[in-house]
Amino acid sequence: MTLSSTDRAIVEATQAGLPLVPAPYAVIAETLGLTEADVLDRLARLKAEGIIRRIGAAPNHYRLGMTANGMTVWDVDDARVDAIGEKVGALDFVTHSYRRPRALPDWPYNLFAMVHGASKDEVLQKRRQIVDLLGDACRASDILFSTRILKKTGMRLRRKEG
């Protein structure tokens, strides 16, 4: 898929976040020499085509006091992992979850869910709620706590030269 130069410019203008003003799309439109309606229509089309998955706010959980982060990992029966993963992902304290292939024999886990809390104890308490939800579908689990932030951005398009 190749983006038009206008669509690419819109993605580049929005990928690091929207301007914190009452009409952010109008500001972007003015910068790009477009109308606000054109920017909104193009973003809606890009979303409908699956090029953009979502447009949303990304709060800084560290500034909100959520300084403990644990990636919970689960060994769930492959026949049940998709349905169970949906339930885990729907928990209000899970910020993202996904299924990954196992790397046997060293890594038996196929379901991952990131949990944030104000303390390690809070994250562990939330993990126990996931344990209760999984029940006998879970064969093993672990939790990997963050020790420092190495990078905190989503995917970015590089600006085209010229």
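Me: Which residue in E3 is the bridge partner of Asn69?
Reply: This is a predicted model, so the answer describes the prediction. E1 (68-76) and E3 run antiparallel and are joined by seven bridges. In E3, Asn69 has as its bridge partner His116.

Me: Which residue in E3 does Ser97 stand opposite?
Reply: Strand E2 covers residues 94-99 and pairs with E3 in the antiparallel sense, over five bridges. In E3, the residue opposite Ser97 is Ala113.

Me: Which elements each supply at least two residues of the largest nonpolar core?
Reply: This core has 16 residues, and those touching the most other members are Trp74, Val76, Ile84, Val88, Val94, Leu111 and Ile130. The elements that each supply at least two residues are strand E1 (68-76), helix H4 (81-89), strand E3 (111-117) and helix H5 (120-134).

Me: Leaving aside neighbours within four places in sequence, which residues is Leu111 in contact with?
Reply: Leu111 is among the residues that touch the most other members of the largest nonpolar core. Leaving aside neighbours within four places in sequence, its contacts are Thr72, Val73, Trp74, Val76, Val81, Ile84, Gly85, Val88 and Tyr98.

Me: How many residues are in the second, separate core?
Reply: Ile10, Tyr25, Leu46 and Ile52 are included in this core. Its number of residues is nine.

Me: How far apart are the end C-alpha atoms of helix H3?
Reply: H3 has 13 residues, 36-48. At 1.5 Å a residue it should span 18 Å. The end C-alpha atoms agree with this, being apart by 18 Å.

Me: Within what arc do the buried residues of H3 fall?
Reply: The buried residues of H3 are Val39, Leu43 and Leu46. Seen down the axis, they line one face of the helix, because they fall within an arc of 60°.

Me: Which residues on the other side of H3 are exposed, and which helices are included in what covers its buried residues?
Reply: On the other side of H3, the exposed residues are Asp41 and Ala48. The cover over the buried residues includes helix H1 (5-14) and helix H2 (24-32).

Me: Which residue just after H3 takes a positive phi?
Reply: The phi in question is about 80°. The residue that takes it, just after H3, is Gly50.

Note on methods:
Residues numbered from 1 in each chain as written. Predicted model: local features only at pLDDT ≥ 70, side-chain atom pairs only at ≥ 80, totals over all residues. Heavy atoms only, no water. Helix = DSSP H or I, 4+ residues; strand = E, 2+ residues; numbered from the N terminus. Expected span 1.5 Å × (residues − 1). Buried < 20%, exposed > 50% of the residue type's maximum accessible area, 1.4 Å probe, protein only. Arc of directions from axis to C-beta. Contact = heavy atoms within 4.5 Å. Core = buried A, V, L, I, M, F, W, Y, C linked by side-chain atoms within 4.5 Å. Pairing = 2+ DSSP bridges.
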